[in-house]
Every structure is written in structure tokens, then in C-alpha cells.
Amino acid sequence: MPDSAAHPVSESRTVTLSYFDGTTRQATVRDDETPYPEGQLIVSRTDTRGVITHVNRAFCEISGYDREELIGTQHWIMRHPDMPEAAFRDLWSTVQRGERWNGYVKNLCKDGRYYWVYATVIPNIRGGQVVGYTSVRRKPSRSRVAEAVALYATLA
């Protein structure tokens, strides 16, 4: 993680995040973007309920979580409050149909900072049944991030 001299700490706020399953949690949010790591792919896998079963090192490094903190946790732990619920409804309805989903996502780091990704989520199918999902994230286009910010503001 970058040191605080390179990235001054902005003011933080505590927000209550609510999820589709009725779960809520308190999270710290800061208006500091963590740059996407050059030349890296961020990869995770979940079961069909969105519980994390695998993460790669790049995922841990950018998010600030240890692997042990992520495995067995709902993937929504990364959901930034600026992301509209409609985006995740679209993601879930697409992958549950067995189709690939692509989109721009603003994720929440453990320390409250955020990072943008271009995500591709694909269903993992075994014996004709969806058994989980794999998400591969790439460095996003900054112009597409700006478009996503404008679109998501209309969906909030």
C-alpha cells in the first residue's frame, strides 16, 4: 500500500451500507482514489450466493484486505456507496441467466479509499449448473469511468 506521505489522508465519513439480503454494516468512506495497479488483473471467485472463495494477490493489494479476511465473506464488502443498486441488479440477473456481464465498478477499500475497475463476471458452469462466478477486473478507461460516474449519478 502507498505510504501516507504520497497519499495524504482525506477526511472520512462513516456510512451505513445496506445490501439486498437485508444486511447492513458501517463503513468508512474517504474521497481518495487508489490507482489501479499497472499490468495487473484483479481476480476473485465466489459461490452462487456471492461468498468469496478465491482472491489473487492483486485483489488483496488494492483492496487492503488480507486473503484470510476475504475468503468466506460476501463480495459486497467491496461495494462503494456511490454504486447504484441497479448496477448490481443488472449484474446478478445477467450472470444468473448464465451470461457474461461487463461493467465499470467503483469498489471500496478496507481503509475507506476507492478504486475503479472494468469488470467481467462469468458464471462457472459444471454439469450444466452454475456453481459460482469468476470476476476478472482490468484497468479502466478514464473516459469510460467519467461516463459511468455521470450515468450512476442518475441511477442513485
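**Overall fold and largest pocket**

The chain contains four helices and seven strands, where helices (H or I, at least four residues) and strands (E, at least two) are DSSP runs numbered from the N terminus. The structure is a predicted model, in which local features need pLDDT of at least 70, side-chain atom pairs count only at pLDDT 80 or more, and totals for chains, interfaces and linings use all residues. Residues are numbered from 1 along each chain as its sequence is written, and side-chain values use heavy atoms, without hydrogens and water. Along the sequence the elements follow the order β-β-β-β-α-α-α-β-β-β-α.

The C-alpha atoms fill a box of roughly 50 × 35 × 30 Å along the principal axes. Of the 156 residues, 43% are buried (under 20% relative accessible area, 1.4 Å probe, protein chains only). Among contacts (heavy atoms within 4.5 Å) between residues at least 6 apart in sequence, 49% join residues at least 24 apart.

The largest pocket holds about 550 Å³ of space. A pocket is an open set of points on a 1 Å grid over the protein atoms alone, where a 1.4 Å probe fits, with protein on both sides within 12 Å along at least five of seven lines; lining residues have an atom within 4 Å of a point. The volume is the space filled by probe spheres set on the points, which are joined across faces, edges and corners. The lining comprises 30 residues, of which His75, Trp76, Phe88, Leu91 and Trp92 are the closest to the pocket centre. Helix H3 (85-96) is among the elements that each supply at least two lining residues, as are strands S3 (42-46), S5 (101-108), S6 (114-126) and S7 (129-138). The largest share, seven residues, comes from H3.

Conventions: Buried < 20%, exposed > 50% of the residue type's maximum accessible area, 1.4 Å probe, protein only.
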